[in-house]
Amino acid sequence: MDIQVRVWRQSDPSDAGRMVSYDVKDISPDASFLEMLDVLNEKLILDGDDPVAFDHDCREGICGACSMVIDGVAHGPEKATTTCQLHMRHFKNGDVIDVEPWRAAAFPVIKDLVVDRTAFDRIIQAGGYITVPTGAAPEAHSVPVPKKDADAAFEAATCIGCGACVAACPNGSAMLFTAAKVAHLGLVPQGQPERDTRVLDMLQAQDDAGFGGCTNAGECTTVCPKGIPLTLIGRLNADYRQALRRQ
Ligand code: SF4
Ligand code: FES
């Protein structure tokens, strides 16, 4: 396949940035989107140009690093798919593909497609943990967890912290991410001691980081590669109201 990519180039946080067009030739339809960018970067390096900076790590859909907006959609056109798991066969020969970074006030661009997502780390640091005694692992059956709660907690825990929900939200809200992190601990007995402080502190950290508020637009869940449901935001709001009452 021969395609053209129009990539956001921004040398540093103070640079205004601009879209730059590149021809990328002879790409296998079985190549991943990141492998296509690897081919582009090899050519740029051989030509003595600056390669396109982009985040990636596992390339298996589990680390959440490969954040980019492809043709206006966070993680690109395939539903429930991270950029690293997106393949070029979903595009056509001759396509012109726009590639941009996450755009949100709380995720400033560092360079090209790389944004600073440490705001997510600060939300996790505020309450994304449980208190457990140190020492040997407890006997597995000592704390029974109902199957439906274990399944719901596991579903919430599949959030990979990619930030696509923030990038897609017209308010730049992190509510789907925070809702997933609050739910996966709050649904199991081990998460109950910090249940109230967790939701209060994580939402405060979210506000402090500059994320916007949720207005139920629903764009977040549409682009989420792990299918985190909007219902978890309702659960987060209920937990928040309960924590406020018990303060
Ligand atoms: S909720 Fe979905 S889109 Fe948001 S950070 Fe988690 S995995 Fe990514
Ligand atoms: S590189 Fe890890 S999820 Fe894409």
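Predicted model: local features only at pLDDT ≥ 70, side-chain atom pairs only at ≥ 80, totals over all residues.
User: How many helices and strands does the chain have?

Analyst: The chain has 8 helices and 7 strands. Helices (H or I, at least four residues) and strands (E, at least two) are DSSP runs, numbered from the N terminus. The C-alpha trace spans about 60 × 35 × 35 Å along its principal axes.

User: Why is Phe120 called buried?

Analyst: Buried means under 20% relative accessible area, exposed means over 50%, and partly exposed lies in between (1.4 Å probe, protein chains only). Phe120 has 4% relative accessibility and therefore counts as buried. Phe211, at 5%, is buried as well. Of the 247 residues of the chain, 47% count as buried.

User: Why is the pair of Phe33 and Phe91 called tilted?

Analyst: A pair of aromatic rings is described by the distance of the centres and the angle of the planes. Rings of Phe, Tyr and Trp (its six-membered ring) pair if their centres lie within 6.5 Å; planes under 30 degrees apart count as stacked, over 60 as edge-to-face and the rest as tilted. By this rule there are 5 aromatic pairs. The ring centres of Phe33 and Phe91 are 5.7 Å apart and their planes stand at 45°, so the pair is tilted. Phe33 belongs to helix α1 (residues 33-46), while Phe91 is in the loop between β4 (73-74) and β5 (96-100), 58 residues apart, and the pair thus links distant parts of the chain. Both residues, Phe33 and Phe91, are buried.

User: What makes Phe120 and Phe211 a tilted pair?

Analyst: The centres of Phe120 and Phe211 are 5.9 Å apart, with 35° between the planes, and the pair is tilted. Phe120 lies in helix α2 (residues 118-127) and Phe211 in the loop between α6 (195-208) and α7 (219-223), 91 residues apart. Phe120 and Phe211 also form one aromatic cluster with Phe107 and Phe177.

User: How do you know that Arg103 lies over the face of Trp8?

Analyst: A charge sits over a ring if NZ of Lys or CZ of Arg is within 6 Å of the ring centre and within 35 degrees of the ring normal. Arg103 lies over the face of Trp8, at 4.2 Å from the ring centre.

User: Why does Ile228 count as buried, and which residues does Ile228 contact?

Analyst: Ile228, in the loop between α7 and α8, has 2% relative accessibility and therefore counts as buried. Contact means heavy atoms within 4.5 Å. Leaving aside neighbours within four places in sequence, Ile228 is in contact with residues including Glu155, Ala156 and Leu176. Ile228 and Ala156 are 72 residues apart in sequence, with their C-alpha atoms 6.5 Å apart in space.

User: Why is Cys224 called buried?

Analyst: Cys224 has a relative accessible area of 10% and is therefore buried. Cys224 is found in the loop between α7 and α8 (231-246). Leaving aside neighbours within four places in sequence, Cys224 contacts Ala80 and Leu176.

Conventions: Residues numbered from 1 in each chain as written. Chains lettered and ligands numbered in written order. Heavy atoms only, no water.
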